[in-house]
Amino acid sequence: NKKVTLIAHSMGNLYLVEFFKSVPASWKKKYIKRYVAISGVFGGSVKSIRALVSGEIESIPRVLVDANAVRAFQRTFQSIYWLLPRKEVFSKDEILVYTPDRNYTAHQFSDLLSDAKFPLGSEILKTLEGMDRFVDPGVDV
């Protein structure tokens with residue numbers, strides 16, 4: 001029965017905000033002293049775009065790892081979609097993906113995934129609608 005300080009890093013902040021949204025204010029008042037956010041990805045991460053479109057293998061040499069195989073695996077992680085740059089942060093005119101045929105903004109990820117021959121990605125994106133990261137968590141931050 002002691003209040004605690006919760007510390008979250010990176011994507012853990014997204015999970016913690018969702019948790020705070022799921023519990024009543026009375027519970028938070030009773031058990032949470034404060035919440036400390038470290039490097040929260042509230043606005044998303046551009047690296048998630050690369051993971052979905054090309055496969056994110058960072059510094060691993062391509063001769064050791066097939067980026068397409070990694071991409072197929074990464075596309076199964078719902079967290080990758082949750083990390084896409086947020087349209088609440090990026091304007092409709094701010095281009096995040098440049099291609100020879102078309103450019104894409106944070107407001108056009110469904111189109112990007114479809115054009116990348118992965119229409120299932122658009123369906124996965126729909127499951128995340130309504131997950132608002134920009135809400136008051138209801139605790140001292």
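Visitor: How do the residues of the lining of the largest pocket divide into nonpolar, polar and charged?

Guide: This is a predicted model, in which local features need pLDDT of at least 70, side-chain atom pairs count only at pLDDT 80 or more, and totals for chains, interfaces and linings use all residues. Residues are numbered from 1 along each chain as its sequence is written, and side-chain values use heavy atoms, leaving out hydrogens and water. A pocket, on a 1 Å grid over the protein atoms alone, is an open set of points where a 1.4 Å probe fits, with protein on both sides within 12 Å along at least five of seven lines; lining residues have an atom within 4 Å of a point. Here the lining divides into eight nonpolar, four polar and eight charged residues.

Visitor: Which residues are the closest to the centre of the largest pocket?

Guide: Arg86, Lys87, Ala106, Leu125 and Glu129 are the closest, of 20 lining residues. Helix 6 (109–115) supplies the largest share of the lining, three residues.

Visitor: Which residues touch the most other members of the largest nonpolar core?

Guide: In soluble globular proteins, nonpolar side chains tend to be buried together. A nonpolar core is a set of buried (under 20% relative accessible area, 1.4 Å probe, protein chains only) Ala, Val, Leu, Ile, Met, Phe, Trp, Tyr and Cys residues joined through side-chain atoms within 4.5 Å. Tyr81 and Phe109 touch the most other members of this core of 22 residues. Apart from this core lies another, of seven residues, including Val17 and Phe20.

Key. Helix = DSSP H or I, 4+ residues; strand = E, 2+ residues; numbered from the N terminus. Nonpolar A, V, L, I, M, F, W, Y, C, P; charged D, E, K, R; others polar. Buried < 20%, exposed > 50% of the residue type's maximum accessible area, 1.4 Å probe, protein only.
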